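These are my notebook entries on a structure that I looked up. The sequence and the model are shown first, and my notes follow.

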Amino acid sequence: MLRLVAPPEIEEETRKLLDAWMSTPEEEEPDWEAFRNKHCSERMKEYLRECDSIRASLQPGEHV
């Protein structure tokens, strides 16, 4: 099993975004992924694309 470990700056940005999302009324931003994608930095978008690419390359039965 592989484990993706986010760089510290991504971890920090994730925490900040989660705090902001949690304080946003649900009717404005009900979906975490949509909120994150709308408000995250280009660096985080790049990191998320890397993660998606790694997941796409896994063989059946492999997990991240």
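**Entry 1: the start of the chain**

I looked up L4 and found it in the segment before α1. Helices are DSSP runs (H or I, at least four residues), numbered from the N terminus. The model is a predicted one, in which local features need pLDDT of at least 70 and side-chain atom pairs count only at pLDDT 80 or more, while totals for chains, interfaces and linings use all residues. Residues are numbered from 1 along each chain as its sequence is written, and side-chain values use heavy atoms, with hydrogens and water left out.

L4 has 24% relative accessibility and therefore counts as partly exposed (buried is under 20% relative accessible area, exposed over 50%, partly exposed in between; 1.4 Å probe, protein chains only). From C-alpha to C-alpha, I noted 13 Å in space between L4 and R49, which lie 45 residues apart in sequence.

**Entry 2: α1 and α2**

I then turned to α1 (residues 8-22) and α2 (residues 32-39), which pack at about 120 degrees with axes 10 Å apart. Axes are lines fitted to C-alpha atoms, for helices over the stretch in contact, and angles run from 0 to 180 degrees between N-to-C directions. α1 and α2 are therefore oblique to each other (under 35 degrees is roughly parallel, over 145 roughly antiparallel, 65 to 115 roughly perpendicular, the rest oblique). On α1 the contact is made by T14, L17, L18, A20 and W21, and on α2 by W32, F35, R36 and H39 (contact means heavy atoms within 4.5 Å).

**Entry 3: α1 and α3**

Lastly, I recorded that α1 and α3 (residues 42-56) pack at about 110 degrees, their axes 10 Å apart. That makes α1 roughly perpendicular to α3.

How values were computed
Helices (H or I, at least four residues) and strands (E, at least two) are DSSP runs, numbered from the N terminus.
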